[in-house]
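Visitor: I would like to learn how to read the packing of helices in a model such as this one. Could you take me through it feature by feature?

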Amino acid sequence: MQYKSTSLLVLLLIISLLMVGCATRRMAKQASGYERAGMFREAAELYYQAAMRKPNKVDYRMGLNRAGQLYLEDLAREVSQAYSRGDNRKAVYDYLEMQSFANKAKRAGINLRIEHSTQRTFENASELYLDERYELGQRLIGEQRFDEAREIFSEIHGISPNFRDTRSYLNTATLEPLYQNGARYYSQRNYMQAYREWERIAAKDPGYKDVRQRMQQALSERYKEG
């Protein structure tokens, strides 16, 4: 019985490997068709999947290198054209897509090139785009539209974490609503709810404003009530 069970497991494993191999070959064949049609993004993605499944298959890696580089070149043209017509957002996000795919290809052992000229275009476009978003975020903070401001500064942080004092504004957009909620509860004599709101702030940033002091005040007032 044990021999039969072992044989069955081996047979199932062989069948599974054959099925995976067939699926990967179909994937590579489809990638080749996309490549001939000039659909380099689709081709590169399928070559990537095939190369990850069969890392020792040279044809798949070569296909990824070939189609992936052509895909990046298409994106590089998009970056340049978008920047030329003043569409800095598109230039930024197309470049980020280039970076993302290049990093993905690297996981399959393929190093794709991004030209320095494209990188410089991205840097120029991102400076302009992030300036615009930063000013909008500041205005939203001033209008106390914190949810919208948080989205803006989260986007900036995702593109360039060290852009000006984005971290500080992101912190304000995230924590100030909690701080104000606490103040409102405190004024309503709902001291423990105020304490909980300020405690959430302290867990993220103990130095935010006077939150520690406000927590103690809330507790003191609650104890006075008995």
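**Reading helix packing**

Guide: Helices α3 and α4 pack at an angle of about 165 degrees, with their axes 8 Å apart. Here axes are lines fitted to C-alpha atoms, for helices over the stretch in contact, and angles run from 0 to 180 degrees between N-to-C directions. This is a predicted model, in which local features need pLDDT of at least 70 and side-chain atom pairs count only at pLDDT 80 or more, whereas totals for chains, interfaces and linings use all residues. Residues are numbered from 1 along each chain as its sequence is written, and side-chain values use heavy atoms, with hydrogens and water left out.

Visitor: How are α3 and α4 oriented to each other, parallel or antiparallel?

Guide: Angles under 35 degrees count as roughly parallel, over 145 as roughly antiparallel, 65 to 115 as roughly perpendicular and the rest as oblique. α3 and α4 are therefore roughly antiparallel to each other, and α3 passes α4 in a left-handed crossing. A crossing is left-handed if the near helix is turned anticlockwise from the far one by less than a right angle, and right-handed if clockwise. Residues of α3 that make the contact include L64, L72 and Y83, and those of α4 include N88, M98 and F101, where contact means heavy atoms within 4.5 Å.

Visitor: Which residues form the contact between α2 and α4, and at what angle do their axes cross?

Guide: The axes of α2 and α4 come within 10 Å and cross at roughly 25 degrees, which makes α2 roughly parallel to α4. The crossing of these two helices, α2 and α4, is again described as left-handed. A44, E45, Y48 and M52 of α2 meet F101, K104 and R107 of α4.

Visitor: What should I expect for the span of α4, and which of its residues are buried?

Guide: The expected span of a helix is 1.5 Å times one less than its number of residues, and helices (H or I, at least four residues) and strands (E, at least two) are DSSP runs, numbered from the N terminus. For the 20 residues of α4 (residues 88-107) the rule gives 28 Å, and the end C-alpha atoms are 29 Å apart, which agrees. Buried means under 20% relative accessible area, exposed over 50% and partly exposed in between (1.4 Å probe, protein chains only). In α4 the buried residues are N88, A91, V92, D94, Y95, M98, F101, A102, K104 and A105, and their cover includes α2 (40-53), α3 (58-84), α5 (116-142) and α6 (146-159). Just after α4, G109 takes a positive phi of about 85 degrees.

Visitor: Why does K104 count as buried, and what is K104 in contact with?

Guide: K104 lies in helix α4 and counts as buried because its relative accessible area is 19%. Leaving aside neighbours within four places in sequence, K104 is in contact with E45 and Y48.

Visitor: Which residues of the largest nonpolar core touch the most other members?

Guide: A nonpolar core is a set of buried Ala, Val, Leu, Ile, Met, Phe, Trp, Tyr and Cys residues joined through side-chain atoms within 4.5 Å. Of the 46 residues in the largest one, L64, L72, M98, F101, F153 and I156 touch the most other members. The elements giving two or more residues to this core are α1 (2-36), α2, α3, α4, α5, α6 and α7 (166-187), and α3 gives the most, with nine residues. Apart from this core lies another, of 14 residues, among them L175, L178, Y195 and A202.

Visitor: Where are Q144 and K209 found, and what are their phi values?

Guide: Q144 is found in the loop between α5 and α6, and its phi is near 60 degrees, a positive value in a residue other than glycine. At 48% relative accessibility, Q144 counts as partly exposed. K209 is placed in the loop between α8 (191-204) and α9 (211-225); its phi, near 45 degrees, is likewise positive in a residue other than glycine, and K209 counts as exposed at 51% relative accessibility.

Visitor: How many helices and strands does the protein chain have?

Guide: There are nine helices and zero strands in the protein chain, and buried residues make up 35% of its 226 residues.
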